[in-house]
Amino acid sequence: MGHAHSSPGPHRTYRRVLTIAGSDSGGGAGIQADLKTFAALGCYGMSAVTALTAQNTVGVKGIHPVPPDFAAAQISAVFEDIGADAVKIGMLYSAELIRVVAGQLRKFSARNIVLDPVMVAQSGDRLLRDDAVDALTEHLMPLADVVTPNIPEAEALLERDIRSAEDLRRAARDLGRFGSRSVLVKGGHREEADSSDLLYLCREERFVTFTAERVGSPNTHGTGCTLSSAIAARLAGGDSLEEAVSRAKEYISRAIRAGSAYTLGRGHGPVHHFFNYWV
């Protein structure tokens, strides 16, 4: 008796990924989508909740922000004990919160940072206060390895319209001037047959286009959260930026396709994060 701890035990390590984002009570987006994605891609997920939302497939009923110092406490609790191989950042809501999060990431020398500049929910509900946009570009984008705006978010960050393919390239390049290592502008909002995303690698001044056929599915709630989380999970596993984006894009395409077969709720249903595991 009493020998439970005498053996040296196995020494395997997890690939650890932290999400700093809002909670979605409906389970399709936010930290719930992030944690499901991390798990599906073989990582150990942790979370620092920045806001609670009362939300379902139809829309956001309410937002209850977490006090910035408590968000900071969650981040430091994770880093002081467990650490993280990658960090995904989602909904941050206010300028104060953004500054606090940036301070923590610098303090703990966080690496493999994926910033999804969430501003508006799929349903059209605003998720970012006006004062927060400047804070995002000034404090967080310089820390990010990749920033993943969709076209409306890129337009809001640059304060101009994006219409043509050339606009898209110029937008990616200009967003890179805020200091991130790369920018992935997601083309899903452009009305075209395929869904092309444009990755701009800032230091190499190189563009990579990722094309996926557009899946006609009403169930697209949480696609942005899921893609950025999948990139973080792949970076935690040691992929290069380009590989991570390519494999994450493949994962989200398959998750959308699998999710299109299901009905959940009365609005935009979720993607199917565990298509590989369910029979």
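Student: Which residue is the bridge partner of Ala51 in β3?

Tutor: Ground rules first: this is a predicted model, where local features need pLDDT of at least 70, side-chain atom pairs count only at pLDDT 80 or more, and totals for chains, interfaces and linings use all residues. Residues are numbered from 1 along each chain as its sequence is written, and side-chain values use heavy atoms, with hydrogens and water left out. β2 and strand β3 (residues 60–65) pair antiparallel over five bridges, where pairing takes at least two DSSP bridges. Across in β3, Ala51 has as its bridge partner Pro65.

Student: How many residues lie between β2 and β3 in their hairpin?

Tutor: Strands here are DSSP runs of E with at least two residues, helices are runs of H or I with at least four, and both are numbered from the N terminus. β2 and β3 form a hairpin, and the number of residues between them is four.

Student: What handedness does the β-α-β unit of β1, helix α1 and β2 have?

Tutor: Point the strands away from you and follow the path from the first strand over the helix to the second: clockwise means right-handed. For β1, helix α1 (residues 30–40) and β2, the unit comes out right-handed.

Student: Why is β1 described as largely enclosed by the rest of the structure?

Tutor: Buried means under 20% relative accessible area, exposed over 50%, and partly exposed in between, with a 1.4 Å probe and protein chains only. β1 (residues 16–24) has nine residues, and it is largely enclosed because the number buried is eight.

Student: Which residue's side chain makes a polar contact with the side chain of Asp85?

Tutor: Asp85 sits in the loop between α2 (68–81) and β4, and at 12% relative accessibility it counts as buried. A polar contact is a pair of N or O atoms within 3.5 Å; within protein, one must be able to donate a hydrogen and the other to accept it, and residues adjacent in sequence count only if both atoms are side-chain atoms. At 3.0 Å, the side-chain partner of Asp85 is Arg111.

Student: How far is the nearest cysteine sulfur from that of Cys43?

Tutor: A disulfide is a pair of cysteine sulfur atoms within 2.5 Å, and the structure holds zero of them. Cys43 is buried at 9% relative accessibility. The nearest cysteine sulfur belongs to Cys225, at a distance of 17 Å.
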